[in-house]
Amino acid sequence: MPRPTGRVLTLLELLQSGGTRTVAELADRLGVQGRTVRRYVDQLIDLDVPVESVRGRYGGYRLSPGYRLPPLMLSDDEALAVLLGLVAGRRAGLTTTQHTANETASAKIRRVLPKHIARRLDAFLESLAFTEQPGEFDTPGAGVLLTLADAVRHHRPVSIRYTDRDGRRSERTLHAYGIVTHSGRWYVTGTDPEIGEDRTFRLDRIADARTLPGSFEAPAGPDPAQRVLSGFATANYRHEVTLRIHGTVEQIRAHLPASVASLEEHEPAACEDRTTERWMRVELRAERLDWLPPVLASLDRPFVIERPDELRDLVVELADRLASYARQA
């Protein structure tokens with residue numbers, strides 16, 4: 001049978017998980033009577049833990065919002081989840097400009113963990129290996145990230161100071177729909193009200209963001225992630241490529257994802273199966289074309305190059321090289 005002190009700590013852990021807990025719920029989780037729950041709450045209050053009493057039909061107890069509780073209590077699974085999240089975020093570039101925050105947060109969690117749990121977690125992290133080296137990414141400032149997130153949530157216009165890839169600086173107003181992470185980078189997508197068009201900006205290129213008065217209505221249609229991927233596929237690059245490929249959507253998307261190419265899927269007839277191979281139009285933009293012939297070869301599907309002629313020449317050159325390699329003894 002758990003000791004009273006153990007039940008008080010369990011009560012504290014339940015309250016730390018957030019929300020309002022009814023007396024009946026707490027009594028059931030602790031295996032005690034309702035009056036015992038109230039006594040345990042009084043003990044927490046005596047320890048200066050700010051437990052609030054919530055009246056009403058759905059009332060009960062909760063911790064005061066925003067209070068930083070000194071004793072951080074994590075189960076083995078919770079501690080592992082937090083530390084793995086920190087490791088994964090650091091490797092994927094999903095951190096802010098405060099690079100040390102990840103390391104100091106990990107150190108603080110390790111410092112408050114019981115020794116037997118800390119040893120097990122350290123053993124796990126030391127034995128963990130990755131198949132890819134971590135990338136080097138420019139990261140956004142925490143202030144910019146949080147300001148944009150607040151603007152997205154409350155549909156507030158935001159002013160940003162932005163530097164584009166050519167080094168040109170500008171100040172813009174944005175109706176931000178969402179924040180998206182893609183390939184280790186942070187992006188914000190929304191409408192530029194001055195031109196009435198969707199825009200996507202890299203957060204690490206935003207020097208400052210401030211919320212403006214007013215509000216806006218978020219449009220219906222694709223979600224923020226879809227808008228970002230569509231923006232990548234239709235970005236203004238040197239070459240415009242149009243192909244027709246015979247295959248299924250899955251076969252094509254395995255080599256030309258939505259962030260690279262837009263795919264025009266023709267509606268199949270009533271008697272046709274959606275998984276049936278058919279001719280589909282694929283459009284993409286690229287600064288260089290030399291990476292496309294190997295991709296088309298790996299597709300191993302019939303294709304037609306509509307434009308540009310330069311791509312057709314590159315595909316023929318690749319085919320000739322492969323044929324010459326194959327003929328060698």
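Let's start with helices α2 and α3. They are roughly perpendicular to each other. This is a predicted model, by the way. Helix α2 covers residues 23-30 and helix α3 covers residues 34-46. Their axes come within 9 Å and cross at roughly 95°.

Who touches whom? On the α2 side we have Val-23, Leu-26, Ala-27 and Leu-30. On the α3 side, Gly-34, Val-37, Arg-38 and Tyr-40. By class, that contact has six nonpolar residues, one polar and one charged.

Now α3 again, with another partner. Helix α1, residues 4-16, packs against α3 at about 80°. Here the axes are 10 Å apart. So α1 and α3 are also roughly perpendicular to each other. From α1 come Pro-4, Arg-7, Val-8, Leu-11, Leu-12 and Leu-15. They meet Val-37, Tyr-40, Val-41, Gln-43 and Leu-44 in α3. The count is nine nonpolar, one polar and one charged. Note Val-37 and Tyr-40. Both are in the α3 contact with α2, and both are in the contact with α1.

Most residues other than glycine have a negative phi. Is Asp-48 buried or exposed? Exposed, because its relative accessibility is 61% and the cut-off is over 50%.

Next, strand β3, residues 158-163. It has antiparallel pairing with β4, residues 169-182, through six bridges. Tyr-162 faces Ser-170 across that pair.

On to the open sheet. Four strands, antiparallel pairing, order β9-β10-β8-β11. Which strands stand at the edges? β9, residues 261-264, and β11, residues 303-307. Each has a single partner strand, so one side of each has no neighbour in the sheet. From one strand to the next, the twist averages 25°.

Inside that sheet, β8 spans residues 239-247 and runs antiparallel to β11, joined by four bridges. Arg-244 is opposite Val-304 of β11. Helix α11, residues 309-327, packs on the sheet and touches β8 and β11. Its direction makes about 140° with that of β11.

What does it contact, beyond its neighbours within four places in sequence? Leu-284, Arg-285, Ala-286, Glu-287, Arg-288, Leu-289 and Glu-310.

Last, the two ends of β11. In the loop between α10, residues 292-299, and β11 we find Asp-300. Here is another positive phi in a residue other than glycine, near 55°. Asp-300 is exposed, at 62% relative accessible area. In the loop between β11 and α11 there is Pro-308. The peptide bond joining Arg-307 and Pro-308 is cis, with omega about 0°. Most peptide bonds are trans. Over to you.

How values were computed:
Residues numbered from 1 in each chain as written. Predicted model: local features only at pLDDT ≥ 70, side-chain atom pairs only at ≥ 80, totals over all residues. Heavy atoms only, no water. Pairing = 2+ DSSP bridges. Axes fitted to C-alpha atoms, helices over the stretch in contact; angles between N-to-C directions. Contact = heavy atoms within 4.5 Å. Parallel < 35°, antiparallel > 145°, perpendicular 65-115°, else oblique. Nonpolar A, V, L, I, M, F, W, Y, C, P; charged D, E, K, R; others polar. Buried < 20%, exposed > 50% of the residue type's maximum accessible area, 1.4 Å probe, protein only.
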